Amino acid sequence: MRPAAALVLVLGLALAARADEPKSPGDAVDRLGLRFTPDAELVITSDEAEGRKAESGQESVIFSKNVRASQGDMRLACDWLEAVYPKVASGRPDRITARGSVVMTQGTNQATCTEASVDNVACTAECKSEGSRASLRRGLDDIEANAIYFDLCKGTVRAVGDVLIRVRERPAESPKTTAPAAEPAVEPGAGGE
């Protein structure tokens, strides 16, 4: 079995055992990684922005300092971001590259790394870290690897290079206990004294 298939299988088995998880296979796939809505509005904010046009006619915008991007319920925060637009203006970048303290969040899923790229055309994302590890936290569970790849349309994830998966137990709800029955009160002089 290939390592990527093994990862999906291990995650699938670990997640399927939980009572709070979705019951249909399609819902479970949506929950493994990050997923985005391609038609949702893309908003990017920063303290500084600079537009550039390459000789090929392709335009890009470089955002720096306190960069925040959102599309639907997906959020991205980083130090520097480049949005590369197609030659024929469509209003939406083909590719986004983020660097420096990158955090991508959606629901209880949070990916962290030092460099990430999102390809809107291929509907994919990649999160990797030079000299450290990329991580994906899903609730209490997490994955660490040299690189983590997401299929944003399918909502799946693939970890590559020295993969570590932690599946933590959820604290069990403590059973309700009833107080022991009180001893019957004995009145002085009762009981045949």
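## Surface, core and disulfides of a predicted model

The accessible surface of the protein comes to about 12000 Å², and 53% of this area belongs to carbon and sulfur atoms; the areas come from the Shrake-Rupley method with a 1.4 Å probe, and for residues only the protein chains shown count as cover. This is a predicted model, in which local features need pLDDT of at least 70 and side-chain atom pairs count only at pLDDT 80 or more, while totals for chains, interfaces and linings use all residues. Residues are numbered from 1 along each chain as its sequence is written, and side-chain values use heavy atoms, with hydrogens and water left out.

The secondary structure consists of two helices and twelve strands, where helices (H or I, at least four residues) and strands (E, at least two) are DSSP runs numbered from the N terminus. Along the sequence, the pattern reads α-α-β-β-β-β-β-β-β-β-β-β-β-β. Of the 193 residues, 31% count as buried, a term that stands for under 20% relative accessible area, with exposed meaning over 50% and partly exposed in between (1.4 Å probe, protein chains only). Among contacts (heavy atoms within 4.5 Å) between residues at least 6 apart in sequence, 43% join residues at least 24 apart.

The largest nonpolar core has 29 residues, of which L81, M104 and F150 touch the most other members; such a core is a set of buried Ala, Val, Leu, Ile, Met, Phe, Trp, Tyr and Cys residues joined through side-chain atoms within 4.5 Å. Strand β4 (residues 74-84) gives the most to this core, with five residues. Leaving aside residues up to four places away in sequence, L81 touches I44, V61, I62, F63, V67, L76, I96, T97 and A98.

Strand β10 (residues 147-151) pairs in the antiparallel sense with strand β7 (residues 124-128) over five bridges, and β10 and β11 also pair in the antiparallel sense over five bridges; two strands pair if DSSP finds at least two bridges between them. I148 in β10 stands opposite C127, and the bridge partner of I148 in β11 is A159. The hairpin of β10 and β11 has four residues between the strands, and in this hairpin G155 takes a positive phi near 75°.

The structure holds two disulfides, each being a pair of cysteine sulfur atoms within 2.5 Å.

| Disulfide | S to S distance | Angle about S-S bond | Handedness |
|---|---|---|---|
| C113 and C127 | 2.0 Å | -105° | left-handed |
| C123 and C153 | 1.8 Å | 105° | right-handed |

C123 lies in the loop between β6 and β7 and C153 in the loop between β10 and β11, so this pair ties together parts that are 30 residues apart in sequence. C123 counts as buried at 7% relative accessibility, whereas C153 is partly exposed at 36%. C78 is in no disulfide, and the nearest cysteine sulfur, that of C113, is 9.7 Å away; C78 is buried, at 3% relative accessibility. Both C113 and C127 are buried as well.

Backbone angles also deserve a note. Most residues other than glycine have a negative phi. K65, in strand β3 (residues 59-71), has a positive phi near 65° and is partly exposed, with a relative accessible area of 47%. D162, which is in the loop between β11 (156-160) and β12 (164-166), has a positive phi of about 50° and counts as exposed at 61% relative accessibility.
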